[in-house]
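User: I have a model open here and want to go through it. Which part should I be careful with?
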Amino acid sequence: MTLRNALKSAIAAAMMLGAAGLATQAKADAIDDITKAGAINVGIFSDFPPFSSASADMSIKGYDIDVAQAIADSLKVKLNLVSVTGQNRIPYLTDKRVDILMSVGYSKEREQVIDFAAAYAPYYIAVIGPKALAVKGKEDLADKSIAVNRGTLEDTSLTEAAPASADIRRFDNYNSVIQAFISGQTQLMVVGNDVGAQVLAKQDALQPEQKFQLLTSPSHIGLNKNEDRLKKAVNDAVAKMLADGKLDESSKAWLKTPLNPANLKD
């Protein structure tokens, strides 16, 4: 064999090995990574009761945690909760710092970047304000100060609906949004029905009420694109919770109402 032929053979062999390596990498996906790690990293809002919040023993509990735990159990791995914000959670997912995200509202813009698994919780976005303030529709948001969680679906919905003169004040978490409203820093706030219900129940002096809905959309579980096996595993876990009544139990425990499966349809 000449030196030239030997070099050709060596190069061909190297290319075959490289191709085999690429094929192996191509087959690897999120399920493989999760199984290898023995844990699934789940992005949650840590201050988002009743979906997720610190309990008396400082552990995070709530509706989202019940569902996340069921997904982890179905995969036979440990559940690792990762606190995210409205601003960083999509980058956390696309950078693979988390495997899935809880409480993600569907939008066409988000669909360009991430995929959506099963809807698992009813959700709508509402404008809330004191009873004394007359607000009946989006045109009444003109010249009003409104608190909202930055980078969330609430933020997007409010920005699209509000007149140009509305004073939209964006905060980095739901606690800050609620405090801004309760303390009088803003006249209104825009939150989900779950967060709003807690404020409506606890602020007798302010007499807050739901003015109108901006958007009705069930909460989905977000994951990266082209992760078909993980998407199926998540969908199967949610379907099992629906079938065996576990999702209804979580709804009664955390949302204080029986689950209506019709509310899980977009």
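Analyst: This is a predicted model, and pLDDT stays under 50 over residues 10–17. The model has zero contacts beyond four places in sequence for residues 10–17.

User: What is the mean pLDDT of the protein?
Analyst: The mean is 88, and 88% of the residues reach 70 or more.

User: OK, packing. How many residues are in the largest nonpolar core?
Analyst: That core has 76 residues. Ile40, Val67, Ile100 and Ile221 have the most contacts inside it.

User: Which helix gives the most to this core?
Analyst: Helix H3, residues 63–75, with seven residues.

User: And where does the core lie relative to domain 1 and domain 2?
Analyst: The core lies between them, because domain 1 (30–123 + 218–263) and domain 2 (124–216) both give residues to it.

User: Back to Val67. What does Val67 touch?
Analyst: Leaving out residues up to four places away in sequence, Val67 touches Met102, Tyr120, Ile221, Val238, Met241 and Leu247. Of these, Ile221 is also among the residues with the most contacts inside the core.

User: Changing topic: how many helices and strands in the protein?
Analyst: Ten helices and twelve strands.

User: What share of the residues is buried?
Analyst: Buried residues are 45% of the 266 in the protein.

Methods. Residues numbered from 1 in each chain as written. Predicted model: local features only at pLDDT ≥ 70, side-chain atom pairs only at ≥ 80, totals over all residues. Heavy atoms only, no water. pLDDT = per-residue confidence, 0-100. Contact = heavy atoms within 4.5 Å. Core = buried A, V, L, I, M, F, W, Y, C linked by side-chain atoms within 4.5 Å. Buried < 20%, exposed > 50% of the residue type's maximum accessible area, 1.4 Å probe, protein only. Helix = DSSP H or I, 4+ residues; strand = E, 2+ residues; numbered from the N terminus. Domains from an automatic or database assignment.
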